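Take a look at the structure below.

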Amino acid sequence: MNNSNSASETKHSELQPFFRDHELFAEYKLLCNNVPSGVYVVPSFKSLQVWHGMIFIKIGMFADGCFKFNLYIPDNFPYARPSLRFITPVFHPQVKPTGELNLAKAFPTWTPRKDRIWHLLRYTKRCFFSINTFDSTNPVAAEAVHKSIDTFRSQAKLCVEKSIKLFNKTEESDITPADDGNVFNVKPLASQELEKIKEKLLSGVKTPFPSV
C-alpha cells in the first residue's frame, strides 16, 4: 500500500510542471484579453515561470514613467501567489527597497482560477495612483508621504527620470541578467532613420522596420 502511494506521489510530482504550464498558458490568454492599458508583459525566453513587463504611467506623481518589472511564478502555481519585483527603482510605501511589491495587502490568499495574474497587474498599476501607507513595506517612503508630500513628489519625479534613462539605454553592457534579452530592451532611432520610416508610412510602402 505504501509503495502504491509512493508511486502515485512520484507520478503526480512528475506531472505537476505540465499542469502548471498549462495553467500559465491559460493565464496568458486571459491576460491578453484583459490587460490593463499601458501594461505590457511577455514570458521570458528562458523560463515560462518568469514574465517580463513594463508599465507606462501617463498621469499622477509618476507621470511619464516607464517602469520595468519581473513577475515570478511559483512552482506550485496556481495554488500560490506570484511575486512581482520592479527592475526600475520605485519609491513607494508598498515597494520594498529591493523592488518587491507588497502583494499580500491586496491578495492575502491566492485562490486558484479566481485570482488571476491580470488582477495582480491591474493592482500593480493602481499603486502608482494610490499612495497607500497602511501596512507599508517601505517605511522611508511612508514617512515621506506623511511628513511632506512635496518631498515624496520629488522622489517620484526622480524615479520617473531614472526610468526614462533606463528605457533609452543603448549599451549592450547595460542590460542586466534579469532582462533576459527580452523585447523591452530598446534603443532610440537616429533622426535619419525616423525620417525614412515616416516617409515609408506616408507613402504606404510595406517595408520592414530596421532592427533595433
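How many aromatic pairs does the count come to? The count comes to 13 aromatic pairs. Rings of Phe, Tyr and Trp (its six-membered ring) pair if their centres lie within 6.5 Å; planes under 30 degrees apart count as stacked, over 60 as edge-to-face and the rest as tilted.

This is a predicted model: local features need pLDDT of at least 70, side-chain atom pairs count only at pLDDT 80 or more, and totals for chains, interfaces and linings use all residues. Residues are numbered from 1 along each chain as its sequence is written, and side-chain values use heavy atoms, leaving out hydrogens and water.

Start with F67 and F128. Their pair is stacked, at 4.8 Å centre to centre with 25 degrees between the planes. The pair links distant parts of the chain, 61 residues apart: F67 sits in strand β3 (residues 66-72), F128 in the loop between α2 and α3 (139-147). Helices (H or I, at least four residues) and strands (E, at least two) are DSSP runs, numbered from the N terminus. Both F67 and F128 are buried. Buried means under 20% relative accessible area, exposed over 50%, partly exposed in between (1.4 Å probe, protein chains only).

Next come F91 and F152. This pair is tilted: 5.7 Å centre to centre, 35 degrees between the planes. F91 lies in the loop between β4 and α2, F152 in helix α4 (residues 149-167). F91 and F152 are buried. One aromatic cluster includes F67, F128, F91 and F152.

Now turn to H92. H92 touches F62, C127 and F152, among others; contact means heavy atoms within 4.5 Å. H92 is buried because its relative accessible area is 1%.

Notes: Lists of a residue's contacts leave out its neighbours within four places in sequence.
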